[in-house]
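I opened the notebook to keep a record of what I looked up, in the order I looked it up. The sequence and the model come before the entries.

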Amino acid sequence: MMWAKVLWMLLLLCKLSLAVLPAKPENISCIFYYEENFTCTWSPEKEASYTWYKVKRTYSYGYKSDICSTDNSTRGNHASCSFLPPTITNPDNYTIQVEAQNADGIMKSDITYWNLDAIMKIEPPEIFSVKSVLGIKRMLQIKWIRPVLAPHSSTLKYTLRFRTINSAYWMEVNFTKEDIDRDETYNLTELQAFTEYVMTLRCAPAESMFWSGWSQEKVGTTEEEAPYGLDLWRVLKPAMVDGRRPVQLMWKKATGAPVLEKALGYNIWYFPENNTNLTETVNTTNQTHELYLGGKTYWVYVVSYNSLGESPVATLRIPALNEKTFQCIEAMQACLTQDQLVVEWQSSAPEVDTWMVEWFPDVDSEPSSFSWESVSQARNWTIQKDELKPLWCYNISVYPVLRDRVGQPYSTQAYVQEGIPSAGPVTQADSIGVKTVTITWKEIPKSKRNGFIKNYTIFYQAEDGKEFSKTVNSNILQYRLESLTRRTSYSLQVMASTNAGGTNGTKINFKTLSISVLEIFFITSLVGGGFLILIMLTVAYGLKKPNKLKHLCWPDVPNPAESSIATWRGDDFKDKLNLKESDDPVNMEEDQVLKPYSAPTDFIDKLVVNFENFLEEVSTEELGKSQENILKEEKNKHVTSPYCLHHPPISTEIPQRKPQQLCSRIPEGTCSETKEQLFSSVQSLGPDHLCEEGEPNPYLKNSVTTREFVCLKNFKTKPKEKFSVAVA
């Protein structure tokens with residue numbers, strides 16, 4: 001029995017230790033919906049097990065209490081409970097306590113206290129008209145109906161919210177109405193003339209902390225007035241040939257002017273500075289006009305008008321052609337926020353407090369739209385992103401304005417949204433070498449850039465090889481690739497990149513050379529230099545040793561004495577004609593060179609070969625042969641006499657040894673005997689024999705030149721005549 005009680009106690013303790021109570025309800029909030037219900041809410045935590053709630057209320061200033069009925073009780077982790085009429089009393093004070101219960105136990109919240117007037121919420125009012133009052137400018141009158149479900153004795157407070165029809169920013173006005181009339185009115189003043197406004201209204205009991213919802217929106221328009229004013233600007237163009245300057249005038253409604261303001265026309269008048277007598281006027285219905293002014297300073301005035309009057313005068317000073325403008329803007333930058341483009345600048349002139357900002361798209365052609373705006377008492381300018389086109393580059397310039405003078409502008413460029421380029425750069429390969437190539441490409445047109453070009457990337461790849469890349473800055477449009485392979489085909493393309501990405505350009509192919517121009521020039525220079533050096537060495541060698549050079553260029557003519565005629569006519573002829581055995585070594589070198597020789601006038605001096613033995617051995621029988629047989633056997637190799645009419649004389653000039661040199665190599669006695677024998681032989685033969693052709697001589701047959709001799713019919717009585725003998 002004891003053990004049973006102990007076991008039961010242990011089980012109870014374990015159950016209590018494992019029990020998980022629900023979380024305590026927090027953040028209790030109650031609202032009294034007038035004549036509808038009283039609702040309380042709280043913030044329960046996510047429970048591990050099923051939990052249900054009860055809301056205990058005391059009312060009638062604590063005399064009564066109740067709990068949410070079964071139908072309205074919160075179950076399944078619901079966190080609200082409503083008490084319905086007729087148990088709702090007003091005015092009254094309530095106490096509220098929330099209980100959370102699950103299988104393990106109950107958890108109660110703190111007790112809260114509520115005054116119904118402080119938590120009362122009523123329906124929104126209903127606006128039925130928003131209109132202007134005749135004769136009252138810049139005012140709208142709003143009329144509405146008081147909420148039906150609102151205490152008649154309570155004073156209601158109101159919030160009127162309004163904005164222009166094209167704006168997203170609301171303005172609010174708070175006021176209180178104590179009368180209990182259903183039709184309420186309110187006059188909204190200090191509005192813009194001839195402008196549409198959107199109105200909405202809410203209300204609440206004066207003691208309550210809860211506002212009603214907003215009423216439906218209602219639109220009203222203020223009365224029209226004379227034009228508010230104009231913002232005037234100009235674009236100065238270069239002077240023409242005739243000296244006139246085109247000036248483009250532009251104007252628009254001044255900042256703060258009514259949105260619906262309309263002008264019937266514009267009056268323009270202008271004149272040179274300090275000379276109003278030359279005033280000219282122009283009337284136009286456009287918002288731009290081009291003037292042609294001289295080189296002087298001009299003043300321009302513009303007003304707009306409608307049926308109610310004219311706007312204030314807009315004035316602009318056009319500087320002289322050679323006038324120097326001041327510069328005070330030192331730096332400027334454009335940055336993007338979430339939904340705006342902000343331009344900021346720095347100025348060195350603190351007295352300048354007015355600036356003119358102009359912007360237009362940077363396109364290849366003339367800009368189609370040109371905008372400007374005046375900024376005062378600030379050094380920054382803001383524009384909404386949706387007012388600019390994405391992927392378009394805008395030129396933004398800021399002009400300082402000091403009273404009536406306009407200073408030198410400062411410009412920058414900006415995108416409100418960037419994208420990848422619509423097209424890549426057009427590429428070509430120039431100056432192809434054996435291991436190098438120069439790549440050039442063109443800039444992408446402005447309309448296709450879609451952003452600021454950050455860099456260019458060159459991708460190139462050899463046939464069946466690895467791809468390489470080089471990245472260069474955006475201001476580089478040419479790059480020289482090096483370390484290529486000789487005589488190899490490559491494919492190449494260039495990619496242009498912005499902040500949003502890159503686009504590849506045209507793909508080209510090229511092939512490196514097998515030999516370069518420099519190498520050809522080097523080889524040519526090397527060969528030419530070698531020839532030049534060889535020529536210089538040859539000339540130097542010839543100057544140093546002229547005889548050897550002469551021997552190399554002009555070799556010795558073979559000595560006739562060493563030919564086969566020496567053996568054919570005997571040793572005696574060879575001994576007499578062997579010039580190598582001469583004792584004159586000086587003339588030996590000179591004899592080795594053939595020299596031109598003219599026909600001598602003396603018979604003895606012309607004799608260069610000793611024909612003594614040769615003439616003695618010529619037999620009478622050989623001389624008696626007919627001339628015809630000799631001509632058939634030997635043509636053009638004969639001894640010719642100038643006195644033989646049937647054979648014309650032939651004279652060929654050949655280099656010969658001088659007779660003196662020949663005699664110098666022969667002993668004196670022999671030389672004199674030879675002369676006498678020659679004379680006697682000639683006389684014994686007679687003129688007829690000398691003129692006849694004898695037996696062909698192998699010595700004469702092998703000769704390539706002829707020597708001239710004097711042929712005499714009568715040596716003693718006839719003058720000297722020339723004849724030629726072929727000599728080997």
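Entry 1, terms. A nonpolar core is a set of buried Ala, Val, Leu, Ile, Met, Phe, Trp, Tyr and Cys residues joined through side-chain atoms within 4.5 Å. Buried means under 20% relative accessible area. I also noted that the model is predicted.

I looked up the secondary structure and found 14 helices and 42 strands in the protein chain. The chain has 728 residues, and 38% of them count as buried. For the accessible surface I wrote down about 42,900 Å², with 53% of that belonging to carbon and sulfur atoms. I then took the contacts between residues at least 6 apart in sequence; 64% of these join residues at least 24 apart.

Which residues have the most contacts inside the largest nonpolar core? They are Phe38, Ile96 and Met199, in a core of 43 residues. I followed Phe38 and left aside its neighbours within four places in sequence. Its contacts include Cys30, Ile31 and Phe32, then Cys81, Ser82 and Phe83. Ile96 is also among the contacts of Phe38, as are Ile88, Tyr94, Leu116 and Ile119. I found a second, separate core of 21 residues, which includes Trp355, Trp359, Val375 and Ile396.

I turned to strand 27, residues 354–361. Why is strand 27 described as largely enclosed by the rest of the structure? Seven of its eight residues are buried, so the rest of the structure largely encloses it. I checked its pairing next. Strand 28 (residues 371–376) runs antiparallel to strand 27, and six bridges join the two. Glu358 stands opposite Trp372 of strand 28. Strand 30 (residues 394–402) is also antiparallel to strand 27, with eight bridges between them. There the partner of Trp359 is Ile396 in strand 30; both Trp359 and Ile396 belong to the second core.

I looked up an open sheet of four strands, in the order 13-12-15-16, and its pairing is antiparallel. From one strand to the next, the twist averages 30 degrees. Strand 15 (residues 196–205) pairs with strand 16 over four bridges, in the antiparallel sense. Val198 stands opposite Val219 of strand 16.

Terms used: Residues numbered from 1 in each chain as written. Predicted model: local features only at pLDDT ≥ 70, side-chain atom pairs only at ≥ 80, totals over all residues. Heavy atoms only, no water. Buried < 20%, exposed > 50% of the residue type's maximum accessible area, 1.4 Å probe, protein only. Contact = heavy atoms within 4.5 Å. Pairing = 2+ DSSP bridges. Areas by Shrake-Rupley, 256 points an atom, 1.4 Å probe, with all protein chains shown as cover. Axes fitted to C-alpha atoms, helices over the stretch in contact; angles between N-to-C directions.
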